[in-house]
Amino acid sequence: MVVIRLARGGANKRPFYNIVAADSKFAANGRFIERVGFYDPKAPVGRESFRVNGERLAFWQGKGAKLSPTVARLVKSLGKPKAA
């Protein structure tokens, strides 16, 4: 099953997350199918902190992919995704 979830990157105490479509059997920060967007919770004021490609998100959901609870919350609270 394909899941759209966060994959953590960045340094200690400076997280950066890629929003990825991955097989649920793969490790959370391991192999993924496609990068759909990003989330930077520590972004300074004036810099983009969240972006997701709405077309690709809709494509994967059409194929049966499930959003993780955190990604669903981010998409809902930070606005409707726009196509890049």
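This report describes the fold, surface and selected residues of one protein.

The model is predicted: local features need pLDDT of at least 70, side-chain atom pairs count only at pLDDT 80 or more, and totals for chains, interfaces and linings use all residues. Residues are numbered from 1 along each chain as its sequence is written, and side-chain values use heavy atoms, with hydrogens and water left out.

## Overall fold

The protein has two helices and five strands. Their order along the sequence is β-β-β-β-α-β-α. Helices (H or I, at least four residues) and strands (E, at least two) are DSSP runs, numbered from the N terminus.

A contact means heavy atoms within 4.5 Å. Take the contacts with a separation of 6 or more: residues 24 or more positions apart account for 39% of them.

## Surface and charge

The accessible surface comes to about 5,500 Å². Carbon and sulfur atoms hold 53% of that surface. These areas come from the Shrake-Rupley method with a 1.4 Å probe; for residues, only the protein chains shown count as cover.

Buried residues make up 32% of the 84 residues. Buried means under 20% relative accessible area, exposed means over 50%, and partly exposed lies in between (1.4 Å probe, protein chains only).

The protein has 17 positive and 5 negative side chains. The centres of the two sets lie 7 Å apart. Lys and Arg count as positive and Asp and Glu as negative, while His and the chain ends are not counted. The place of a charge is NZ of Lys, CZ of Arg, CG of Asp or CD of Glu.

## Aromatic pairs

A pair of aromatic rings is described by the distance of the centres and the angle of the planes. Rings of Phe, Tyr and Trp (its six-membered ring) pair if their centres lie within 6.5 Å; planes under 30 degrees apart count as stacked, over 60 as edge-to-face and the rest as tilted. By this rule there are four aromatic pairs.

One of them joins F16 and F38. Their ring centres are 5.7 Å apart and their planes stand at 15 degrees, so the pair is stacked. F16 lies in strand 2 (residues 14–23) and F38 in strand 3 (residues 34–39), so the pair ties together parts that are 22 residues apart in sequence. F16 is partly exposed, at 27% relative accessible area, whereas F38 is buried, at 11%.

Y17 and Y39 form another pair. Their ring centres are 6.3 Å apart with planes at 20 degrees, so this pair is stacked. The pair links distant parts of the chain, with Y17 in strand 2 and Y39 in strand 3, 22 residues apart. Y17, Y39 and F50 form one aromatic cluster.

## Residues in the loops

| Residue | Relative accessible area | Class |
|---|---|---|
| S68 | 14% | buried |
| F26 | 26% | partly exposed |
| R47 | 46% | partly exposed |
| R31 | 60% | exposed |
| K13 | 76% | exposed |

Where is S68 found? S68 is in the loop between strand 5 (66–67) and helix 2 (69–77). Not counting residues up to four places away in sequence, S68 touches V3, I4 and R5.

F26 is in the loop between strand 2 and strand 3. R31 is also found in the loop between strand 2 and strand 3. Leaving aside neighbours within four places in sequence, F26 is in contact with R5 and R31. With neighbours up to four places away left out, R31 touches A22 and F26. The C-alpha atoms of R31 and V2 are separated by 12 Å, and these residues are 29 apart along the chain.

R47 lies in the loop between strand 3 and strand 4 (50–52). R47 touches R14 and D40, not counting residues up to four places away in sequence. R47 and Q61 are 14 residues apart in sequence and 28 Å apart in space, C-alpha to C-alpha.

K13 lies in the loop between strand 1 (2–11) and strand 2. K13 has a positive phi of about 60 degrees although it is not a glycine. Most residues other than glycine have a negative phi.
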